Protein chains: 4
Amino acid sequence: MEETAQEQASPEVRERVQDSFDRQGLMRLLGARLTVIAPGRVHIELPARPEVGQQHGYVHAGATSSIADSAGGYAAFTLFPEGSEVLTVEYKINLLAPAVGDRLEAVGTVLRSGRTLTVCRLEVFGVHDDGRRALVANGQQTLIRLDAPRP
Amino acid sequence: MEETAQEQASPEVRERVQDSFDRQGLMRLLGARLTVIAPGRVHIELPARPEVGQQHGYVHAGATSSIADSAGGYAAFTLFPEGSEVLTVEYKINLLAPAVGDRLEAVGTVLRSGRTLTVCRLEVFGVHDDGRRALVANGQQTLIRLDAPRP
Amino acid sequence: MEETAQEQASPEVRERVQDSFDRQGLMRLLGARLTVIAPGRVHIELPARPEVGQQHGYVHAGATSSIADSAGGYAAFTLFPEGSEVLTVEYKINLLAPAVGDRLEAVGTVLRSGRTLTVCRLEVFGVHDDGRRALVANGQQTLIRLDAPRP
Amino acid sequence: MEETAQEQASPEVRERVQDSFDRQGLMRLLGARLTVIAPGRVHIELPARPEVGQQHGYVHAGATSSIADSAGGYAAFTLFPEGSEVLTVEYKINLLAPAVGDRLEAVGTVLRSGRTLTVCRLEVFGVHDDGRRALVANGQQTLIRLDAPRP
């Protein structure tokens, strides 16, 4: 367990995040899963496999970005009041090193949470089963909070 | 046919780009395909389907970004001498509107091609089968040219 | 004259933009001036001089960015209803070539104008008195519209 | 003193950075000064005054960005071998809060230093004389190392 109980978001928030994540077809297609839901911070893991690769066999920058974008989006979402939706306004990401490892771990962390806009830091690590871990991508993301449509 | 003959890259370049694209597991997983390979400009199409969606049913920003990143990378690649490889250094993308349509079309266009670094404009359009077409994402990308390892 | 009459913003909008620009201490310090105020597009010129330079004598990326940021901000502002304020949320800029020339010309162009957020393209050209002109920087900017405080 | 002796860069590196900074006309025009030169990290301070302001009296995003860009550039430069030059390839910056305070402090920190490219984190704090301090901008920058021309 990476997280102690008090670092976790409330059960309500965790359920809200997990439910939304489960509706993201792309995360399922990629094989990604939520591993940490803390207030203002969310981790998403992606096992490395040829289906998410680029032409040299590393994980594709698009797959790396996809889990980074979702991690930041849900990190913002953990701080929103109920009945809100989150949309990515924009993000920027640097691919610092080839995305090698047995899996990637994306960490989205809220830097500033405003009434309308939230800014997150995005980090993606290449993680080996033997414990080696290296930062492979680093980014920054702007998100907007919207009121969810009434049902 | 969107492109006239003289706008296409040479057969050698087209083959080089298509071969590399075919080795990108992620593009196959997403269901994306190359539709235009012109000198300094490449188009990639992605049919919209639930498997590439986010929680509201639109195409996920990560899928939108993935085809934009590949389109820019291959646009740069069309201008490289043989024996080169291309890597994304970084990109920034604004999601301007919900990614709706029957398919997305990403267009990568070289803005400046240098000896080491190339900068591309990234555009993604939501395209309906009835011909409606709207810009849904706009970005900017920096790429680096590397010498391919000798076989 | 670069602009024909019908391309100019209305006298009211032009005055609003010019008044705001005149309150930007930094633009005066740099020696920048507004040259075009069209609906959704604004140009700002900066004469090249050692006071705005970096260590190699070219115009500093910060000065290049400053006029680009203001050009984009005022381009957004031309489309806002009266009683609005504009703030830069974020921007990204690529310095494509050394900023040489007798002056720089920044062009901010609205790509998408929404109720809350506006996205602009930023371009900066190095312009020589003999007419040569080259793109030296290219960027993308997100802005937010706020209601001006009641007086 | 914010820095202990062992955190400072070597006297040679400090002199190289200070000499280059002193040739940046823009830093002098803005009234900025170098306050920390550590290996892979550089701080630049800018007193807030109307001459570096925008239309609402806060420090202009362009001035904020200018010191952030220089701080990142010199942070990269501290890790370069002698006879190198540094150029900004691109940067992205989020303006998180109005740039208020008696002065701004920009901190550039190297995230990854490669043979050709360096990536820095950029942070700008608004600092009050009474000790209050808040993050007002956060960014990410890519730089390239060039060989200095032989004299």
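These are my notebook entries on a predicted model with chains A and B.

**Entry 1: how the copies relate**

Which C-alpha of chain A is nearest the axis? I found that of A:Lys92, at 2.0 Å from it.

Next I asked through what surface the copies meet. Of the interface residues of chain A, 100% are also interface residues in chain B, so the copies meet through the same surface.

**Entry 2: the fold of chain A**

I went on to the secondary structure. Chain A has 3 helices and 6 strands. Read from the N terminus, the order is α-α-β-β-α-β-β-β-β.

Then I checked the dimensions. The C-alpha trace of chain A spans about 45 × 30 × 25 Å along its principal axes. A compact globule of 151 residues would have a radius of gyration near 15 Å, and chain A agrees, because its own value is 15 Å.

I also looked at how the chain packs on itself. Taking contacts in chain A with a separation of 6 or more, I get 62% between residues 24 or more positions apart. Buried residues make up 60% of the 151 in chain A.

**Entry 3: surface and charge**

For chain A I noted an accessible surface of about 6200 Å². Carbon and sulfur atoms account for 50% of that surface. On charge, I have 16 positive and 19 negative side chains in chain A. The centres of these two sets lie 5 Å apart.

**Entry 4: a look at A:Val59**

Where does A:Val59 sit in chain A? I located A:Val59 in the loop between strand E2 (41-47) and helix H3 (61-77).

Is A:Val59 buried or exposed? Its relative accessibility is 7%, and buried means under 20%, so A:Val59 counts as buried.

I then listed the contacts of A:Val59, leaving aside neighbours within four places in sequence. Among them are A:Leu46, which lies in strand E2 (41-47), and A:Thr64, which lies in helix H3 (61-77). The list also includes A:Ala48, A:Val52, A:Gly53 and A:Gln54, along with A:Ala99 and A:Leu104.

Last, I took a distance: A:Val59 and A:Ala38 are 21 residues apart in sequence, and their C-alpha atoms are 26 Å apart in space.

Note on methods:
Residues numbered from 1 in each chain as written. Chains lettered and ligands numbered in written order. Predicted model: local features only at pLDDT ≥ 70, side-chain atom pairs only at ≥ 80, totals over all residues. Heavy atoms only, no water. Least-squares fit on C-alpha atoms with pLDDT ≥ 70 in both. Contact = heavy atoms within 4.5 Å. Helix = DSSP H or I, 4+ residues; strand = E, 2+ residues; numbered from the N terminus. Rg over C-alpha atoms; globule rule 2.2 N^0.38 Å. Buried < 20%, exposed > 50% of the residue type's maximum accessible area, 1.4 Å probe, protein only. Areas by Shrake-Rupley, 256 points an atom, 1.4 Å probe, with all protein chains shown as cover. Lys, Arg positive; Asp, Glu negative; His and termini not counted. Charge placed at Lys NZ, Arg CZ, Asp CG, Glu CD.
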